[in-house]
Each structure stands twice: as C-alpha cells, then as structure tokens.
Amino acid sequence: MVAKEFGAFLAQVRRERNMTQAELAQQLHVTDKAVSRWERGIGLPDINTLEPLADVLGLTLADLMHCHDSRQKDDTPPVPLEDFFTMLRRQHTVDWHSVRTALLALSIALALWGIFACPGRLAVHWRTLSDGLLQADGWMSSLVIFPLFAGFEFLSLELWNNFEQTGYYRRWGEVNLFIIHAMSFSTPLTRLMRLVLDLLFFFCFGFLLPCCEAWLILLN
C-alpha cells in the first residue's frame, strides 16, 4: 500500500463524507495530527486502525486497502496495490488505548482513596536517622498532592498516546518504503523493538505514578 496514494484517497473520501480531520480522528480515538499525516502520505495507519477506519468511512476493508470506493460507478477494476491479506493477519497485540484508560481510572481511584483515607497533611519526604529508622521531614496537604498525581498521570498518558499515534516505532522507516513494509509486517526484530518501547512507555508513562500514589498512602 503506497502511503501517498492511500493518503490522497483517504482525504478524498473524508471530504466526500463531509467530515473534518478532527471528526474522523475523534471516531478513531487518534489525534487529528495523525489523520493529517496519513493524508499527506507520511506514514500509514496502524494495522489495528484500518478496520475501524473503513467502518467510519463506509467502505469495505478491501476497498480501503485498494484505495477504491465501490459506491462510485467505475468500470475500471481496482488495481491491487499489495497482498493485503498478509498485512491483515491478526496479531496478538495489546490494546494500549484500553490500558491507558484503565491506568487513568486507577490513578483517579487511588487519588480519591488517598484524600478520604489520609485527610490533612501527608508526609512526602523522609530522612534516615542514625538508628536506621525513617523520620518524615516534608509535608503536603492530601487535597493538593493526590490531584497533582492524577493530573500528571493524565498528562503522561496523553503524551504516550501522542507518541503512539505519530508512530514512534514506525517513524524511522518513513524515508524508506522497504522499512515501512517490514515494520507493517512486524518482522521479529521490529516486534521486539515495539515490545521494548511499549513496555518502556507503560512503566514510565503509565504505571509509575499510580505506584507512587499507592506507596504514599501505605506510608501514611
């Protein structure tokens, strides 16, 4: 599937459906910047996004992959761009959008728990005494610290989402169609790279702050 041709077709069909990039992005749970990049031929949608994209545009998956609108009268049969059946092989991938939603819900739940379970001031910094015990020497109101945690969690998850939608493991291949093709088909090396990056984002941008919230509640 040629990125430039796919992008031009996507833009044409979207305009025919009287949809803006923002409206299409909202229905796909992606950013409008991601849709703009697709239409400009800079990268391709993720494999798991193709089927929802076809549904939103009112196309079959085959028509979308072949850049052909079967509802338009056209005597010329569509020209296959590639063997998309191979590309659409179901892969056992994690739905990171649902994971991010669950992490945000967890962070908010811990924040509410912390506010009600630990009212007043909380110890947020400790120093070690000569006998090895910890003594609190920094304090902050629970009405401040826990909403801050939830807010930072939302911002970090949004940053993670933006990185994913702009293709943080596909961007490196945009200068070479062969590399894009290889990444689309998920070679073993690419799958390993994607797994490492996904886990890195999961722990650093999603799981770390709820852990800090839970640890703060336990210490107080």
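Q: Which cysteine sulfur is closest to the sulfur of cysteine 212, and how far away is it?
A: Keep in mind that this is a predicted model. A disulfide needs the two sulfur atoms within 2.5 Å. The sulfur of cysteine 212 is too far from its closest partner for a bond. That partner sits in cysteine 211, at 7.0 Å.

Q: How many disulfides turn up in the whole structure?
A: The cut-off for a pair of cysteine sulfur atoms is 2.5 Å. Searching the whole structure with it gives a count of zero.

Q: Is cysteine 67 buried or exposed?
A: Anything under 20% relative accessible area counts as buried. Cysteine 67 comes in at 15% relative accessibility, so it is buried.

Q: What about cysteine 212: how does its accessibility class come out?
A: Buried stops at 20% and exposed starts over 50%, with partly exposed in between. Cysteine 212 has 32% relative accessibility, so it lands in the class partly exposed.

Q: Where is serine 142, and is it buried or exposed?
A: Serine 142 belongs to helix H8, which covers residues 142-165. Its relative accessible area is 1%. With the limit for buried at 20%, serine 142 is therefore buried.

Q: Which backbone oxygen does the side chain of serine 142 reach?
A: Setting aside neighbours within four places in sequence, serine 142 is in contact with several residues, including Gly114, Ile115, Cys118 and Pro119. Its side chain gets to 3.1 Å from a backbone oxygen, and the residue that owns that oxygen is cysteine 118.

Q: How do helices H7 and H8 run relative to each other?
A: Two packed helices are described by the angle and the distance between their axes. For H7 (residues 96-117) and H8, the axes come within 8 Å and cross at roughly 175 degrees. Angles over 145 degrees count as roughly antiparallel, so H7 and H8 are roughly antiparallel.

Q: What kinds of residues make the contact of H7 with H8?
A: On the H7 side you'll find Trp96, Leu103 and Gly114, among others, while H8 brings in residues including Ser142, Phe146 and Trp160. Sorted by type, the contact has 15 nonpolar, four polar and three charged residues.

Conventions
Residues are numbered from 1 along each chain as its sequence is written. This is a predicted model: local features need pLDDT of at least 70, side-chain atom pairs count only at pLDDT 80 or more; totals for chains, interfaces and linings use all residues. Side-chain values use heavy atoms; hydrogens and water are left out. Helices (H or I, at least four residues) and strands (E, at least two) are DSSP runs, numbered from the N terminus. Buried means under 20% relative accessible area, exposed over 50%, partly exposed in between (1.4 Å probe, protein chains only). A polar contact is a pair of N or O atoms within 3.5 Å; within protein, one must be able to donate a hydrogen and the other to accept it, and residues adjacent in sequence count only if both atoms are side-chain atoms. Contact means heavy atoms within 4.5 Å. Axes are lines fitted to C-alpha atoms, for helices over the stretch in contact, and angles run from 0 to 180 degrees between N-to-C directions. Angles under 35 degrees count as roughly parallel, over 145 as roughly antiparallel, 65 to 115 as roughly perpendicular and the rest as oblique. Ala, Val, Leu, Ile, Met, Phe, Trp, Tyr, Cys and Pro count as nonpolar, Asp, Glu, Lys and Arg as charged, and the others, Gly among them, as polar.
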